[in-house]
Amino acid sequence: MENNEDQPITAEDLAEMLEFTNTDGKSCIEWDYWVAKMPMLTAAQAVRLMAALDPELFKGNLALKDKESAGASKIHASRLQSLAISHGMETAAPSAWLAWADSLDESVHYGFRAAVERTLHGKPNHAGGIAQSFPRNVLTTPGGVLTSYTPATTTPPSGSTHRIRTRTDPLQAIIAMARTKAANPDDYHSVWAVLVELAQGDSRPPPLLGYVETEGVKWDKGDQVKFLTKDALRKRMNPTAR
């Protein structure tokens, strides 16, 4: 029997999933380039980054296309763009854009926030699960669900171990896709139903290989074939679950 996958989902994973989903599986945003190496960002660049859109891949207007995966992010970027115009924000440092969005209580993609914090203060704390430190705001739109993170009031304990993930397993992006399609993206039963449907489909997305009733969702990890069970999904979505 192949091994089950019980690795919990972290905020870094969720951020990469959204970026991966927005580009239909092509790439994630290169945060070192956009935040660490660029002292100033235009409004067009900033609103896209804060909504999990790569400014180079989404250079044009933010008009919605039929059944596109980036619809929810485009809607949020358009909202931020309208606010930037109203406030006369044209060009500013990444940290200034983050402070501006926070001052308006607007949701900001976790990837952008983490990149700014790394640049200013070093790597953010990830001990104990970042999802507990960054409460989730879910923006429901006709195109799907956009998950983002806002600052917490708690301060990470001193001496905490700092770690930043640079890669996620390919199954994480599929789970993210399932969450955007699920009736309730925070209910593992609802997400599981979508995962099974994707795995059983004729045009199933990689790395899915199928579904076996007694084993779970079959997927290709690259060096081995694995099965994701419903209980493993529950633990991924809720790392504190037993």
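In which helix is the place of K235? K235 is located in helix α9, which covers residues 230–237. The structure is a predicted model.

**The antiparallel sheet**

- Three strands make up an open sheet, arranged in the order β5-β6-β7 with antiparallel pairing.
- Strands β5 (208–212) and β7 (225–228) are the edge strands, each of them pairing on one side only.
- On average, neighbouring strands of this sheet are turned by 25 degrees against each other, direction ignored.
- In general, the strands of a sheet pair through backbone hydrogen bonds, in either a parallel or an antiparallel manner.
- Helix α8, formed by residues 188–200, lies across β5, β6 and β7. The helix α8 runs at about 110 degrees to β5.

**Strand pairing and hairpins**

- Strands β5 and β6 run antiparallel and are joined by 4 bridges.
- Within this pairing, V212 has G216 in β6 as its bridge partner, and G210 has K218 in β6 as its bridge partner.

**Aromatic pairs**

- The structure contains 4 aromatic pairs.
- One of these is the pair of W31 and F112, which is edge-to-face, with 6.2 Å centre to centre and 70 degrees between the planes.
- W31 belongs to helix α2 (residues 31–36) and F112 to helix α6 (residues 110–121), so this pair ties together parts that are 81 residues apart in sequence.
- Both W31 and F112 are buried.
- W97 and W100 also form an edge-to-face aromatic pair, at 5.5 Å centre to centre and with 85 degrees between the planes.
- W97 and W100 are separated by about one helical turn, because they are 3 residues apart in helix α5 (residues 94–103).
- As a general principle, an α-helix has 3.6 residues a turn, so residues three or four places apart point the same way.
- W97 has a relative accessible area of 0% and is therefore buried. W100 also counts as buried, at 9% relative accessibility.

**Nonpolar cores**

- The largest nonpolar core has 22 residues, of which W31, L41, L49, M50, W97 and F112 touch the most other members.
- The elements giving two or more residues to this core are α2, α3 (43–49), α4 (71–86), α5 and α6.
- Another core, of 19 residues, lies apart from the largest one and has I175, L195, A232 and L233 among its members.
- Apart from neighbours within four places in sequence, L41 is in contact with W34, A46, L49, E90, T91, A92, P94, W97 and F112.

**Helix α1**

- Helix α1 (residues 11–22) has 12 residues, which at 1.5 Å a residue should span 16 Å. Its end C-alpha atoms are 17 Å apart, which agrees with that expectation.
- Of the 12 residues of α1, 11 are buried, so this helix is largely enclosed by the rest of the structure.
- The buried residues in α1 are A11, E12, D13, L14, A15, E16, M17, L18, E19, T21 and N22.
- Just after α1, D24 takes a positive phi of about 55 degrees.

**K235 and Y188**

- Is K235 buried or partly exposed? K235 counts as partly exposed because its relative accessibility is 27%.
- Although K235 and Y188 are 47 residues apart in sequence, they are 9.1 Å apart in space, C-alpha to C-alpha.

Technical notes
Residues numbered from 1 in each chain as written. Predicted model: local features only at pLDDT ≥ 70, side-chain atom pairs only at ≥ 80, totals over all residues. Heavy atoms only, no water. Pairing = 2+ DSSP bridges. Axes fitted to C-alpha atoms, helices over the stretch in contact; angles between N-to-C directions. Contact = heavy atoms within 4.5 Å. Phe/Tyr/Trp six-rings, centres within 6.5 Å; stacked < 30°, edge-to-face > 60°. Buried < 20%, exposed > 50% of the residue type's maximum accessible area, 1.4 Å probe, protein only. Expected span 1.5 Å × (residues − 1). Core = buried A, V, L, I, M, F, W, Y, C linked by side-chain atoms within 4.5 Å.
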